[in-house]
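Colleague: I am new to this structure and would like to know what stands behind the words used for it. Please take me through a few of them.

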Amino acid sequence: MGKTLKIRVHLPDWLTKMFPHSVWKMPGNEKVVYLTFDDGPVPEVTPAIIDILNRYNIKATFFCVGENVVKYPEVYQQIIENGHTTGNHTFNHIKGLSCSKDYYIKNVDEAARLINSNLFRPPYGLLKQSQFNTLRKRYNIIMWDVISCDYDKGLSPKSCISNVMDYVREGSIITFHDSVKAKTNVLESLPEIIERLKHEGFSFNKIKFPNKQKPVVTPWVKQLQKARDNFGRKSNRA
Ligand SMILES: [Zn+2]
């Protein structure tokens, strides 16, 4: 495996330690792993993943995109009804580095109206420092320890299996995608990955953290309040 792919699949510890306020793997030394699925819900893939998870009685975490929740509320409902956890993955999968902090936070807020969760995962794993500083007050920022690269159409399901099995360890947060692009890879590799992990003595859990202490007030809302306060003062004087 080339060096670039290796880093793509598994980030080195020195790199993740540079971002201590994100969660890269779950604490503890127990043989537990956390399966996560990004970019859904979509009817072509998400229900099939839920079926696989049900077959093994596994609970997982789905980082959902707000606009998909709007399009497919019944698929979102299916995730919840089957006892899985959901997390916020922005409203329409925007890139943090290409937009302002206020725009980004508004986009996350829009998704939060649909996805009730204190977990957030930035699309592409990238955020500006200012966006991160605001979001970490309200969310547990969940990254990953191992990524299957199932979205890469140049990879076979077999490579996705090795990507996970070569790097998995106690507490690993493993990332897959419930997207149309990843359909073949995720549906074909997931059962085998689960079988192998079970064989190695791993159990599975969903990601859960206690609620963050608010403030839910975003800079954008603050600006609105400030404008309203100013207006209020002016009209009091009048
Ligand atoms: Zn994503």
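Modeller: Start with the term axis: an axis here is a line fitted to C-alpha atoms, for helices over the stretch in contact, and an angle runs from 0 to 180 degrees between N-to-C directions. The model is a predicted one. In it, helix H3 (residues 46-55) and helix H9 (residues 183-199) pack at an angle of about 5°, and their axes are 10 Å apart.

Colleague: Why are H3 and H9 called roughly parallel?

Modeller: Angles under 35 degrees count as roughly parallel. The angle between H3 and H9 is about 5°, and the two helices are therefore roughly parallel to each other.

Colleague: Which residues of H3 and H9 meet?

Modeller: From H3 come Ala-48, Ile-49 and Ile-52, and from H9 come Val-186, Leu-187, Leu-190 and Pro-191. The residues of this contact divide into seven nonpolar, no polar and no charged.

Colleague: What makes Phe-176 a buried residue?

Modeller: A residue is buried if 20 or more other C-beta atoms lie within 10 Å of its own. Phe-176 has 29 C-beta neighbours inside 10 Å, so it counts as buried. Its place is in strand S8 (residues 173-177). Leaving aside neighbours within four places in sequence, Phe-176 is in contact with several residues, including Leu-35, Phe-37, Ser-148, Val-186 and Leu-190. Val-186 and Leu-190 are also among the H9 residues that meet H3.

Colleague: What is to be said of the peptide bond from Gly-40 to Pro-41?

Modeller: That bond is cis, with omega near 0°. In general, most peptide bonds are trans. Pro-41 is found in the loop between strand S2 (32-38) and H3.

Colleague: How do you know that the buried residues of helix H5 are on the same side?

Modeller: The buried residues of H5 (residues 73-81) are Val-75, Tyr-76 and Ile-79. They cover an arc of only 105° around the axis, which puts them on the same side of H5. The face turned away from that buried side carries the exposed residues Pro-73, Glu-74, Gln-77, Ile-80 and Glu-81. The buried residues of H5 pack against H3, strand S3 (61-64), helix H4 (66-71) and strand S4 (85-88).

Colleague: Why are the buried residues of H6 said to line one face of the helix?

Modeller: The buried residues in H6 are Lys-101, Tyr-104, Ile-105, Val-108, Ala-111 and Ala-112. Seen down the axis, they fall within an arc of 115°, so they line one face of H6. H6 covers residues 101-112, and from its first C-alpha to its last it reaches 16 Å, close to the 16 Å expected at 1.5 Å a residue.

Colleague: What makes Phe-91 buried, and where is it found?

Modeller: Phe-91 has 22 other C-beta atoms within 10 Å, and the cut-off is 20 or more, so Phe-91 is buried. Phe-91 is found in the loop between S4 and H6. Not counting residues up to four places away in sequence, Phe-91 touches Gly-66, Glu-67, Asn-107, Glu-110 and Ala-111.

Colleague: How do you know that Ser-117 is buried?

Modeller: Ser-117 has 21 other C-beta atoms within 10 Å, so by the cut-off of 20 or more it is buried. Ser-117 lies in the loop between H6 and strand S5 (119-120). Ser-117 and Gly-87 are 30 residues apart along the chain, yet their C-alpha atoms are separated by 5.4 Å. Thr-86, Gly-87 and Asn-88 are touched by Ser-117, not counting residues up to four places away in sequence.

Conventions. Residues are numbered from 1 along each chain as its sequence is written. This is a predicted model: local features need pLDDT of at least 70, side-chain atom pairs count only at pLDDT 80 or more; totals for chains, interfaces and linings use all residues. Helices (H or I, at least four residues) and strands (E, at least two) are DSSP runs, numbered from the N terminus. Angles under 35 degrees count as roughly parallel, over 145 as roughly antiparallel, 65 to 115 as roughly perpendicular and the rest as oblique. Two residues are in contact if their C-beta atoms, placed from the backbone, lie within 7 Å. Ala, Val, Leu, Ile, Met, Phe, Trp, Tyr, Cys and Pro count as nonpolar, Asp, Glu, Lys and Arg as charged, and the others, Gly among them, as polar. A residue is buried if 20 or more other C-beta atoms lie within 10 Å of its own, exposed if 12 or fewer, and partly exposed in between; C-beta atoms are placed from the backbone. The arc is that of the directions from the helix axis to the C-beta atoms. The expected span of a helix is 1.5 Å times one less than its number of residues.
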